[in-house]
Amino acid sequence: MRTTKWIAIFLAALIMSLCIGTAISEDTEPLTQQTLTREGLRMAIPVEAEELGLLQYAGMPLVDQPYDAVSGVPVRAYFTLQFYFPELMDESKTFTEEELSARIRNLYEVRLYDEATLDEAIAAGQTLTRITGYANVKEMGRQESLAYLFCSPDADTANMDEETLAIYQRLQALMPQIEASTQMVERYDPATSKGFPPVVAKDAAGNTVDNSIFKGYKLTAINFWGTFCGPCIQEMPDLGKLGANMPEGTQLIGIVTDSKGNEALEREITQQAGAMFTQIYMDSSLEAIAGTLVGVPTTMFVDENGNFVGEPMVGSANEAYYRNEIAARLALLP
């Protein structure tokens, strides 16, 4: 059975796909930072790599039930930076899963293991290469009983034409820079956190916004969305109607996850939809909470102190559904 390139890419980029990408330059490029704070990782991606537009960041987040592994040492989570062959960007073509797999290369992978389980395997004589399946692997560090391993695959140029090979080799040359920038940071997990993290950011009007935005409202609905996201744009008119007539003591705000460089598009989308509620642009202080999202749109609900009220709502909905959710969250408050 054949599958379109877009479906396959969506499945591969489960957490947050980064359309990363530019013209090849011999100069040292500035960096843009990408963070997966929930899993305790931060890495810097060269602008040159972003502008190539052929990278995807894929993986599986930390789970209570670890993944099976060939070595018998279960992986708790993994994150892989992948290179997609240029021909996969041709929307007129379709590929089988086997054909798609042959046109993707892992550039690096970070794996998380339970440190006790990893130590037992090493004490029993297993090597990190045997455990991970990678020849080039080193331990980055440990936190919260997790061991972080950085894995670098050997170069694989099979089935590459001249254009693909040139891009792949350039990306390979950038890997040491990316590896050097990859570091562990404090994990943020909304499941164990009482509320929204401290934030200082800018809204679409250029005003500074912090957690005081929640004050004076019994409930705030926070809609995370992106200008690239079809379902987000589709529900925006309903959100516009909702935001214009919120229940007493409640408010709706938006957080634009891909706002950098897309400010004009954000304004066009919200204005056409009549969505005049506050839009907050991504900032480093929002990386922690954004790093927990499994996708957009996602809507979180907090009280006036920023404490979460119920679980996040993942996916798009109409105005009536949102009103029912708001009523249900209000009923949870004392």
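What percentage of the 334 residues in the protein is made up of buried residues? Buried residues account for 48% of them. The model on screen is predicted.

**Whole chain**

Start with a cartoon view of everything. The protein has 10 helices and 17 strands. Switch to a surface: the protein exposes about 16200 Å², and 51% of that area is supplied by carbon and sulfur atoms.

**The open sheet**

Next, select strands β13 to β17. These 5 strands form an open sheet with mixed pairing, and the order across it is β15-β14-β13-β16-β17. At the edges are β15 (279-281) and β17 (313-314), each of which pairs on one side only. Strands of a sheet pair through backbone hydrogen bonds, in either a parallel or an antiparallel way.

Zoom in on one pair within the sheet. Strand β13 (residues 219-225) and strand β16 (residues 298-302) run antiparallel and are joined by 5 bridges.

**The largest cavity**

Rolling a probe the size of a water molecule over the atoms shows where empty space is left. The largest cavity has a volume of about 70 Å³. To display its lining, select Phe 196, Val 199, Val 209, Asp 210, Asn 211, Ile 213, Phe 214, Ile 222, Ile 253, Ile 255, Ile 280 and Leu 286. Colour the selection by residue class: the lining divides into 10 nonpolar residues, 1 polar and 1 charged. Two strands, β12 (208-210) and β14 (250-256), each supply at least two residues of this lining.

**Thr 270**

Move to helix α8 (residues 263-273) and select Thr 270, which lies in it. Is Thr 270 buried or exposed? Thr 270 is buried, because its relative accessible area is 5%, under the 20% cut-off. Leaving out residues up to four places away in sequence, Thr 270 touches Trp 225, Ala 275, Met 276 and Gln 279.

**Arg 170**

Finish at helix α6 (residues 162-181), where Arg 170 has its place. Arg 170 has a relative accessibility of 17% and therefore counts as buried, since the cut-off is under 20%. Arg 170 and Glu 48 are 122 residues apart along the chain, and their C-alpha atoms are separated by 9.7 Å.

Conventions. Residues numbered from 1 in each chain as written. Predicted model: local features only at pLDDT ≥ 70, side-chain atom pairs only at ≥ 80, totals over all residues. Heavy atoms only, no water. Helix = DSSP H or I, 4+ residues; strand = E, 2+ residues; numbered from the N terminus. Buried < 20%, exposed > 50% of the residue type's maximum accessible area, 1.4 Å probe, protein only. Contact = heavy atoms within 4.5 Å. Areas by Shrake-Rupley, 256 points an atom, 1.4 Å probe, with all protein chains shown as cover. 1 Å grid on protein atoms, 1.4 Å probe; cavity = no way out; pocket = protein on both sides within 12 Å on 5 of 7 lines; lining within 4 Å. Points joined across faces, edges and corners; volume = space filled by probe spheres on them. Nonpolar A, V, L, I, M, F, W, Y, C, P; charged D, E, K, R; others polar. Pairing = 2+ DSSP bridges.
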